[in-house]
Amino acid sequence: MASTATCTVTCPDSEPAQFIVPDFFSDCRYPMRLNPHCDTVSRASEQWLCSEAHLVEPESTKYTSLRPGYFASVCYPDADAFHLKVCADFLGWSFKLDDWLEIDRSDVTDAWESRDCCMSAFRDPVNFQTERYSGKMCKSFVGRLKETGGPGCTERFIHGMDLWFISAAKEADNRAKGHVNDVKSYIDLRRDLSGCKPYFALIEFVGRIDLPDEVVSHPVIMALEEATNDFVSWSNDIFSYNMEQSHHSTHNLVAVLMVDQGLDLQSAVDYCGRLCNISLRRFEETRAILPSWGEEVDKEVAIYVEGLQNWITGSLQWTFETTRYFGKDAHIVKRDRTVKLLPKQPL
């Protein structure tokens, strides 16, 4: 990993004023590919999100500037327009749901109620009825997912979402109690709360494949998924730290390292960056020992592993093409790697 600055500019009260982001683009050299349907699908998905979530200004601009269509386009570059639209809609919904449950300070009861509603919509998008916007949006994109998604792929998507809701409820409970996880328990929770597990199921969906059980349960495949999940999650924790600290959130690996390991902010960011680099090496080392399941299955496995790689580079690229983490300064942060801390919001 390229070295990062370890000095921290300080304010008069000795609180850090900024931090330096690791040089991820030197560490991650996979090619970035953009789906040719990006512009058309992005416009359609933005219209869907604003309509289905009943967004009005300034919220509509806030969420369309997150660019879920672009995010889907760099993570699923080979999807056709129909499948890409499902992925873009799901990503847009997940951003809104994430804010409903975290930024809007929903409690544990809200998290479990959201789970009950959305899981019912996932299981039976045709017959389940609800007045919740989140549930109605689920019915829309999951109904389309089930049109072409294989049974294994669909079940993995639904199971991954269930794990996400359970972890979101745990995080809401931790927040309510003022509890900060230690590093190990945080990592275990984060792997479910990242959303990567349902995102990875969509690799099968867009690739028109349905991996056999003996493949998805194989330790090598599971290790590739975990390495990808860890890179996406931990790099995102660095990128989202500023926004989250301004909302007094401690559900972030950087914040956890500061408390659990007694590190200052820049040291915690650097530590997190090293973990990301280790994840990239794990991915490459594990890919080198992929077993064979026969010619036909191996072709599907190759599609899936390339899809995991696309998620590594796609999530990184999207971070600096959206306003979610760095506002209008995203390209400046990408160039200079310096993040100035936002003031904390009133409690």
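Tutor: Helices here are DSSP runs of H or I with at least four residues, numbered from the N terminus. By that rule Ser279 lies in helix 14, which covers residues 265-287. The model is a predicted one, and every value below is computed from it.

Ser279 has a relative accessible area of 1%; the cut-off for buried is under 20%, so Ser279 counts as buried. What is Ser279 in contact with, once its neighbours within four places in sequence are left aside? The partners are Ala227, Asp230, Phe231 and Trp234.

For the whole chain, contacts between residues at least 6 apart in sequence can be sorted by separation, and 77% of them join residues at least 24 apart. Buried residues, Ser279 being one of them, make up 54% of the 347 residues. The secondary structure consists of 16 helices and 2 strands. Along the principal axes, the C-alpha atoms fill a box of roughly 60 × 50 × 35 Å. The radius of gyration is 20 Å, and this agrees with the value near 20 Å that a compact globule of 347 residues would have.

Two helix pairs illustrate the packing. In one, helix 6 (residues 108-123) and helix 7 (residues 133-148) have axes 8 Å apart, at an angle of about 25 degrees. Angles under 35 degrees count as roughly parallel, so helix 6 and helix 7 fall in that class. Their crossing is right-handed. Helix 6 contributes Cys117, Cys118, Ala121, Phe122 and Arg123, which meet Ser134, Gly135, Cys138, Lys139, Phe141, Val142 and Lys146 of helix 7. Sorted by class, this contact has 7 nonpolar, 2 polar and 3 charged residues.

In the other pair, the axes of helix 8 (residues 151-177) and helix 9 (residues 183-193) come within 8 Å and cross at roughly 130 degrees. Helix 8 and helix 9 are therefore oblique to each other, and the crossing is left-handed. On the helix 8 side the contact is made by Leu163, Trp164, Ser167, Ala168, Lys170, Glu171 and Asn174, and on the helix 9 side by Leu189, Asp192 and Leu193. These residues divide into 5 nonpolar, 2 polar and 3 charged.

The backbone details sit in loops. The loop between helix 2 (38-52) and helix 3 (59-64) holds Pro58, and a cis peptide bond with omega of about 5 degrees joins Glu57 to Pro58. His54 is also found in the loop between helix 2 and helix 3. Though not a glycine, His54 has a positive phi of about 55 degrees. Its relative accessibility is 49%, so His54 counts as partly exposed.

Arg208, in the loop between helix 10 (196-207) and helix 11 (213-216), is another residue other than glycine with a positive phi, near 55 degrees.

Notes
Residues are numbered from 1 along each chain as its sequence is written. This is a predicted model: local features need pLDDT of at least 70, side-chain atom pairs count only at pLDDT 80 or more; totals for chains, interfaces and linings use all residues. Side-chain values use heavy atoms; hydrogens and water are left out. Axes are lines fitted to C-alpha atoms, for helices over the stretch in contact, and angles run from 0 to 180 degrees between N-to-C directions. Angles under 35 degrees count as roughly parallel, over 145 as roughly antiparallel, 65 to 115 as roughly perpendicular and the rest as oblique. A crossing is left-handed if the near helix is turned anticlockwise from the far one by less than a right angle, and right-handed if clockwise. Contact means heavy atoms within 4.5 Å. Ala, Val, Leu, Ile, Met, Phe, Trp, Tyr, Cys and Pro count as nonpolar, Asp, Glu, Lys and Arg as charged, and the others, Gly among them, as polar. The radius of gyration is taken over C-alpha atoms; the globule rule is 2.2 Å times the number of residues to the power 0.38. Buried means under 20% relative accessible area, exposed over 50%, partly exposed in between (1.4 Å probe, protein chains only).
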